[in-house]
Amino acid sequence: MKTTVVGSYPVPSWLPGTSSREALRDAVLAVLKTQELAGIDVISDGELSRFDPNHPDTNGMIDSFLKPLDGVDTRPTREDISVFRNSEASGYRLAPAAIVRSEIGEGLLDLPREWEFIRDLSSRPIKFTLTSPYMLARVATDRHYGDLHLLAMAIARVLRRQVEEIDAPVVQVDEASITGHPQDGEWAAEAINHVLGGVRGEKAVHLCFGNYGGQTIQRGHWQALLSFVNALQADHLVLECARRSREEIECLRDIRPEIGIGIGVIDIKDNEVESPETVAASIDTVAKILGGAERIHYVHPDCGFWMLRRSVADRKMRALVEGRDLFLGT
C-alpha cells in the first residue's frame, strides 16, 4: 500500500509574477522535496508549470490544456457565452474555457517538454498528470464538431500522441466531470481509454466530485458510475472517499478486481489536519468494506492541495504517511 498525492500543490508565494524558468524549477524542487520529507512514495511536481495568475481557479486542469490547441479560440463572444450558458455543459462556470471553431490539433501543447523539465529532479517516482478529454470537452463550446463525443475523441487523439512520448512511472488522467454526468459513461470511458492506450508506465485515473473554493461541484454517487469505472483500462484508480458516505464506499466492492483501488483518506476541503490515528482508522474501515487491505493499492488525499495553505498541505501529507504506517504496523 503506497502513499501518493493527486497532483496539485499550493503555489509558492514567489512564483506568481515571474516567468523565469529558474524560479519555476526552484519552486518545483521545493514541492518535490517537501513530499520527499513527508515520506510520500509517488510524488508530483505540484502542476506548477500550469499555473497562470490570469486563470487561477481552473488553469492547472483546464486552460493550460485547451489554450495551446489548434482550432481553439479562448476569446468568447457574447453569443458564445450565451450558447454556453444555455447548454448542458454549463454549471459552475459562467463562460466557456474555449470555443472550438475548427479541427482540433496539438498546436503549442507540449506535455513531453513538461515531463522533461521535472523527470530528473527527484530520485523518487514522479507521476505525470493530465486532464481527461471528456472534462476538457465539457467546458468548451463546440462550434465545429456538433457532437460532444466527437470533440472528446479529437482531444483524446492529441493527448495520446503526447503521452506516448512520456516515460513517467505513473501517468494519471484526471476526471472531475463524469461524476455528475454518469449517462455519458460509455463514451467518456472510450475517450479516456484512448489516452491510456498511449501510456508507457502505470495507468491511473483520478475521479472526484470537484473542488472549487472548498465546494463540491458535481452531484452524484459512486453507484451510478460503476459501469463507467469498470470500463476503464486503468491499472489503478485515485478516488475521492474522505467526503463520501459509507454507503458509497460499499459500492466500490463491485469494481473489477483487475483494477487497483486508491482511496482518499485526507479531506482537502477542510483546513483541519487529520491525525495519524484518524487516517489509520479510515484505511481500516475501507479495507474491511472491500474485503481486505490487499485491495487498496494507494492511499492519498481526495483531490489536489492547491487551494490550501502550504503549511496545512504539508501537515496533511505527513499525517497521510504516518497514518498508513500506523495501519500497517510499520
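1. Arg246 and Glu250 sit four residues apart in helix H9, so about one helical turn separates them. The two form a salt bridge, with 3.3 Å between the closest N and O atoms. Arg246 counts as exposed, at 51% relative accessibility, while Glu250 is partly exposed, at 29%. The model is a predicted one.

2. Other salt bridges share partners: Asp73, Arg75, Glu79, Asp80, Arg101 and Arg143 are joined by them into one network. Over the whole structure, a search finds 18 salt bridges.

3. A further pair lies in helix H1, where Glu36 and Lys33 are three residues apart, about one turn of the helix. Their side chains meet in a salt bridge at 3.7 Å, N to O. Lys33 has a relative accessible area of 44% and is therefore partly exposed.

4. Arg243 pairs with Asp267 in a salt bridge, the closest N and O atoms being 2.9 Å apart. Arg243 belongs to the loop between strand S8 (236-239) and helix H9 (246-251), and Asp267 to the loop between strand S9 (260-266) and helix H10 (276-290), so the pair ties together parts that are 24 residues apart in sequence.

5. How many disulfides does the structure hold? A search of the whole structure finds zero. Cys241 is in no disulfide, and the nearest cysteine sulfur, that of Cys251, is 11 Å away.

6. The largest pocket holds about 780 Å³ of space. Its lining has 28 residues, and those nearest the centre of the pocket are Ser49, Arg50, Phe51, Ser64 and Glu114. Helix H1 (21-38), helix H2 (59-66) and helix H4 (111-118) are the elements that give two or more residues to this lining. H4 gives the most, with five residues.

7. By residue type, the lining of the largest pocket divides into twelve nonpolar, eight polar and eight charged residues.

How values were computed: Residues numbered from 1 in each chain as written. Predicted model: local features only at pLDDT ≥ 70, side-chain atom pairs only at ≥ 80, totals over all residues. Heavy atoms only, no water. Disulfide = S-S within 2.5 Å. 1 Å grid on protein atoms, 1.4 Å probe; cavity = no way out; pocket = protein on both sides within 12 Å on 5 of 7 lines; lining within 4 Å. Points joined across faces, edges and corners; volume = space filled by probe spheres on them. Nonpolar A, V, L, I, M, F, W, Y, C, P; charged D, E, K, R; others polar. Salt bridge = Lys/Arg side-chain N within 4 Å of Asp/Glu carboxyl O. Buried < 20%, exposed > 50% of the residue type's maximum accessible area, 1.4 Å probe, protein only.
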